[in-house]
Amino acid sequence: MFNAHLLQLAEAHQALSKSQALLITGPLGHGAGLFARTLAKARLCEQRAASSNSITACEQCPSCHWFALGHHPDYRRLSLDNMDELADSEDAEAEAPPETASAKKGAKKPTQITLEALRSLGDFFTVGGHRGQGRFVIIEPVEALNVFAANRLLKTLEEPTSGLVFLLVAESTKSILPTIRSRCHVIALPAVPAQEAQEWVAKQLETATSKPQNLNTKQIERLVQEAGGAPLLAAQLADPEQNAIHRLVLDAIAALPDTDLVDTAQALQAAEPKVVFSVLQRWLEDLARVCAGAAPRYFGEHEQRLSLLAKRIQLQKIGIANEALMRERRLVSHPLNWRLFCEQTLAIYVRSYRADPVTKVLR
């Protein structure tokens, strides 16, 4: 966890004396999920429970060892990364035809947390704890719950079970159902300072079992900058494969509007929609900054290209394009046709360079 969040960790411990549900919010990639796991580990720590003098886990007791191995009997985490694993019981797999099982192996990463996945926790909601420190469920991100799963969670929060604690992770409270939000104590995490983010990324690369690549301080600083200051996103960009995709997307967007839109969308099929969308958002922000006479915030190495493009576009049109882009954000997680969505998303940006009056742009 980050030093920048220690005050919020102390606040969370105090809040859990009164509430059985916390809504932990923070900028994407700034460690809200890591904060939730740190909190759950600390609450389950048997040594901390005995002394009550620390807000973090001891890392030595049996509970801490089980947690580190992912086998703690009083802890569950529901996320897009493990949804299928939780939702598919061994019995269901045994009954499923072979072609179904093989199809699931090649399936795309889920974009929603389903009711079935929530139901898979089943007895965990009702059976008492094993170690006497309560039971903890992390849902990350809670925005990914589909409407049926969200309603099931709401019902569970309305009828709380003794000793059962929910830690809900979200980028903000805006996308959460008001009825769920009202039943949670909100813990708002600040962004991690740039210096701490860079030090954290460097430490992650040093301790990695398989070092992705040897990066110097300047390169790590650039990764953090391109990730918008988000250390977890920067650490992902340090992976050669992820970095290659990021560079592909960035170079393709930087080449617009002078390249063919359809060909660009075709070239970006290897990237996830959210990657293209987030890079385009940051590119628009940098372009707006350069238009206004400021230095780019994210892509300093492309400052010359941004300066050239700034002479060809109106600042007001960039604002309109950004508003149009935000309206498309709800489709990022589950576009029906990725290539068509990519073309439409990039077209929002490309049309900003038209000579039409501002009132007609994007129509």
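An open sheet of five strands, ordered β2-β3-β4-β1-β5 with parallel pairing, is found in this predicted model, where strands pair if DSSP finds at least two bridges between them. β2 and β5 stand at the edges, each with a single partner strand, so one side of each is left without a neighbour in the sheet. Neighbouring strands of this sheet are turned by 20° against each other on average, direction ignored. The protein holds 19 helices and five strands; helices (H or I, at least four residues) and strands (E, at least two) are DSSP runs, numbered from the N terminus.

**Basis of the values**

- As this is a predicted model, local features need pLDDT of at least 70 and side-chain atom pairs count only at pLDDT 80 or more, while totals for chains, interfaces and linings use all residues.
- Residues are numbered from 1 along each chain as its sequence is written, and side-chain values use heavy atoms, with hydrogens and water left out.

**Overall figures**

- Of the 363 residues of the protein, 42% count as buried, where buried means under 20% relative accessible area, exposed over 50% and partly exposed in between (1.4 Å probe, protein chains only).
- Among contacts with a separation of 6 or more, 74% are between residues 24 or more positions apart; contact means heavy atoms within 4.5 Å.

- Five of the five residues of β1 are buried, so β1 is largely enclosed by the rest of the structure.
- Ala21, Leu23 and Thr25 point one way from β1, while Leu22 and Ile24 point the other way.
- β1 pairs with β4 in the parallel sense over five bridges; Leu22 stands opposite Leu167 in β4, and Ala21 stands opposite Phe166 in β4.
- Four bridges join β1 to strand β5 (residues 185–188), and these two strands run parallel; the bridge partner of Ile24 in β5 is Ile187.
- Thr25 lies in strand β1 (residues 21–25) and counts as buried at 8% relative accessibility.
- Leaving out residues up to four places away in sequence, Thr25 touches Ala170, Glu171, Ser172, Thr173, Val186, Ile187, Ala188 and Leu189.

- Six of the six residues of strand β3 (residues 135–140) are buried, so β3 is largely enclosed by the rest of the structure.
- Arg135, Val137 and Ile139 point one way from β3, and Phe136, Ile138 and Glu140 point the other way; all are buried.
- Strand β2 (residues 75–79) pairs with β3 in the parallel sense over five bridges, and the bridge partner of Arg76 in β3 is Val137.
- β3 also pairs with strand β4 (residues 164–170) in the parallel sense, over five bridges; Ile138 stands opposite Leu167 in β4.
- A right-handed β-α-β unit is made by β3, helix α9 (residues 147–158) and β4; a crossover is right-handed if, with the strands pointing away from the viewer, the path from the first strand over the helix to the second runs clockwise.

**Helices on the sheet**

- Helix α2 (residues 32–44) lies across β1, β2, β3, β4 and β5, running at about 175° to β3. Axes are lines fitted to C-alpha atoms, for helices over the stretch in contact, and angles run from 0 to 180 degrees between N-to-C directions.

**Helix pairs**

- The axes of helix α16 (residues 273–291) and helix α18 (residues 315–327) come within 10 Å and cross at roughly 160°. That makes α16 roughly antiparallel to α18, since angles under 35 degrees count as roughly parallel, over 145 as roughly antiparallel, 65 to 115 as roughly perpendicular and the rest as oblique.
- The crossing of α16 and α18 is left-handed; a crossing is left-handed if the near helix is turned anticlockwise from the far one by less than a right angle, and right-handed if clockwise.
- Phe277, Leu280, Gln281, Leu284, Leu287, Ala288 and Cys291 in α16 meet Leu315, Ile318, Ala321, Asn322, Leu325 and Met326 in α18.
- Helix α11 (residues 194–207) and helix α12 (residues 217–226) pack at an angle of about 115°, with their axes 9 Å apart, and their crossing is right-handed.
- In this second pair, Ala197, Gln198, Val201, Ala202 and Leu205 of α11 meet Ile220, Glu221 and Val224 of α12.
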